[in-house]
Amino acid sequence: MNPPQAEPAAPRPPRRRVHTRARILAAAAGLFLTDGYARTSIEDICAAAGYTRGAFYSNFAAKEDLLLALFDEQAAGRMAELERLAAACEELAPQERARRLVEALLRVEPEETGWILLFLEFRLLAARTPGLADRVARHDRAVTAALAGLLERAMPGLVPPGAAAGQAAEVVLAAREGVLARTAAGGPAAKQLLDAATAVLTGLLG
């Protein structure tokens, strides 16, 4: 009897298309961070990337698809950073481990300020656009699930698996968004709020 045939691998997108998509994403990121989402048109993005509208639509159905792809990239990068930090902190006491994770979650580098403002602009727009609100909610659920899994692995015995980890992740992410919105401008008040939020969330997790 012949062994079962393996399922054929899904075809990879042509290298040229991957390159095109990457250039469009990079051009859009620069424009969104400089001018904002609402003031940036698809024509602006195509001109900055050096492509036609046809190239845009062969990679993205609409402008919001492009921005959500950028948000997914940002979230994946931050989660990878947190995974590395959690692995490096395995031998630390739970309270210290929680403190370091929370600090990493709330930390705002200068170059991140534009992303914070962009995300807040898009969330406000989505709140008034039902179909878009659903897509942002799906993005939020995916990020929450990823963070919940990380908390389960990083804080065993302290963050129960399952629904409790999901609830902890929801609270942490909601606090992060609120803190970032209020600290985007920086200054002493921002430092005060970050210290307070870090202390409270560390107590929650540790």
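This is a predicted model: local features need pLDDT of at least 70, side-chain atom pairs count only at pLDDT 80 or more; totals for chains, interfaces and linings use all residues.
Biologist: How far apart are the end C-alpha atoms of helix α5?

Modeller: Helix α5 covers residues 94-106, which is 13 residues. At 1.5 Å a residue the helix should span 18 Å, and the model agrees with this expectation. The end C-alpha atoms are separated by 18 Å.

Biologist: Against which helices do the buried residues of α5 pack?

Modeller: The buried residues of this helix are R97, A98, L101, V102, A104, L105 and L106. Their packing partners are α4 (63-88), α7 (130-154), α8 (163-183) and α9 (188-205).

Biologist: Is A104 buried or exposed?

Modeller: A104 is found in helix α5. Its relative accessible area is 4%. Because buried means under 20% relative accessible area, A104 is classed as buried.

Biologist: Which residues are in contact with A104, leaving aside its neighbours within four places in sequence?

Modeller: Contact requires heavy atoms within 4.5 Å. The C-alpha atoms of A104 and T198, 94 residues apart along the chain, are separated by 9.7 Å, but that value concerns C-alpha atoms. With the sequence neighbours set aside, the residues in contact with A104 are R78, L82 and L85.

Biologist: Which elements give two or more residues to the lining of the largest pocket?

Modeller: The largest pocket has a volume of about 730 Å³. Its lining comprises 29 residues, and F119, H139, V143, L173 and R176 lie nearest its centre. The elements that give two or more residues to this lining are α4, α6 (113-127), α7 and α8.

Biologist: What is the geometry of the aromatic pair formed by F56 and Y57?

Modeller: A search of the whole structure finds six aromatic pairs. In the pair of F56 and Y57, the rings are 5.2 Å apart centre to centre, with 85° between the planes. F56 is buried, at 0% relative accessible area, whereas Y57 is partly exposed, at 37%. Because planes over 60 degrees apart count as edge-to-face, the pair is edge-to-face.

Biologist: How many residues apart in sequence are the parts that the pair of F71 and F119 ties together?

Modeller: F71 and F119 form an edge-to-face pair, 5.1 Å centre to centre with 75° between the planes. F71 lies in helix α4 and F119 in helix α6, so the pair ties together parts whose separation in sequence is 48 residues.

Conventions
Residues are numbered from 1 along each chain as its sequence is written. Side-chain values use heavy atoms; hydrogens and water are left out. Helices (H or I, at least four residues) and strands (E, at least two) are DSSP runs, numbered from the N terminus. The expected span of a helix is 1.5 Å times one less than its number of residues. Buried means under 20% relative accessible area, exposed over 50%, partly exposed in between (1.4 Å probe, protein chains only). On a 1 Å grid over the protein atoms alone, a cavity is a set of points where a 1.4 Å probe fits but cannot get out, and a pocket is an open set with protein on both sides within 12 Å along at least five of seven lines; lining residues have an atom within 4 Å of a point. Grid points are joined across faces, edges and corners, and a volume is the space filled by probe spheres set on the points. Rings of Phe, Tyr and Trp (its six-membered ring) pair if their centres lie within 6.5 Å; planes under 30 degrees apart count as stacked, over 60 as edge-to-face and the rest as tilted.
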